[in-house]
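I am opening a notebook on a structure that is new to me. The entries below follow the order in which I looked things up.

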Amino acid sequence: MVNDAELQYLRRCVELATEALEAGDEPFGSVLVGKDGTVLAEDRNRVASGDRTRHPEFALARWAAANMTVGERATATVFTSGEHCPMCAAAHGWVGLGRIVYASSSEQLAACSLSSGFPHLPYRLCRSARSSPTWW
């Protein structure tokens, strides 16, 4: 269960995901928060650039490796709009980041994909089918 402060970080992730979607990208956004609740870094999906590794969770892992001590990374939390993919989960683990809190699970994203009838990149389709995104 998330508390009110954590819910604010998840809302920011959804805002970043919406920015990504509006920029023609897949809707994912992430926020890195320090032990004291300070937002340290944030990013949105940027894979439309042609680089399929430009996930926000991966970018935050790289940022943390360059800017935080091992101890700071271990007590930090990554908030994200969607559950980590395997690439991002590995980066998270290798860098030694702490907790992950996500707004939408992979199972929920897969269900959205199946309900849309399109197995690939369902996020735009799910969003356009309703007045609000189904991934949050």
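This is a predicted model: local features need pLDDT of at least 70, side-chain atom pairs count only at pLDDT 80 or more; totals for chains, interfaces and linings use all residues.

Is Leu60 buried or exposed? I looked up the relative accessible area of Leu60 and got 2%. The cut-off for buried is under 20%, so Leu60 counts as buried.

I then placed Leu60 in helix H2, residues 56-67. Leaving out residues up to four places away in sequence, I found that Leu60 touches Ser30, Val31, Leu32, Ala41, Glu42 and Asp43. I also checked Ala91, which is 31 residues from Leu60 in sequence and 9.3 Å away in space, C-alpha to C-alpha.

Next entry: strand S1. I read strand S1 as residues 29-33, and five of the five are buried, so the strand is largely enclosed by the rest of the structure. I noted that Gly29, Val31 and Val33 point one way from S1, while Ser30 and Leu32 point the other way.

Which strands pair with S1? I found S1 joined to strand S2, residues 39-44, by five bridges in an antiparallel run. Gly29 stands opposite Arg44 there. The hairpin of S1 and S2 has five residues between the strands, and in it Gly37 takes a positive phi near 90°. S1 also pairs with S3, antiparallel, over four bridges, and I saw Ser30 opposite Thr80.

Last entry: aromatic rings. I counted one aromatic pair. Tyr9 and Phe79 form this tilted pair, at 4.9 Å centre to centre with 45° between the planes. The pair links helix H1 (residues 4-22), which holds Tyr9, to strand S3 (residues 77-82), which holds Phe79, and the two residues are 70 residues apart. I looked up burial as well: Tyr9 is buried at 10% relative accessibility, and Phe79 is buried at 2%.

Definitions and conventions: Residues are numbered from 1 along each chain as its sequence is written. Side-chain values use heavy atoms; hydrogens and water are left out. Buried means under 20% relative accessible area, exposed over 50%, partly exposed in between (1.4 Å probe, protein chains only). Contact means heavy atoms within 4.5 Å. Rings of Phe, Tyr and Trp (its six-membered ring) pair if their centres lie within 6.5 Å; planes under 30 degrees apart count as stacked, over 60 as edge-to-face and the rest as tilted. Two strands pair if DSSP finds at least two bridges between them.
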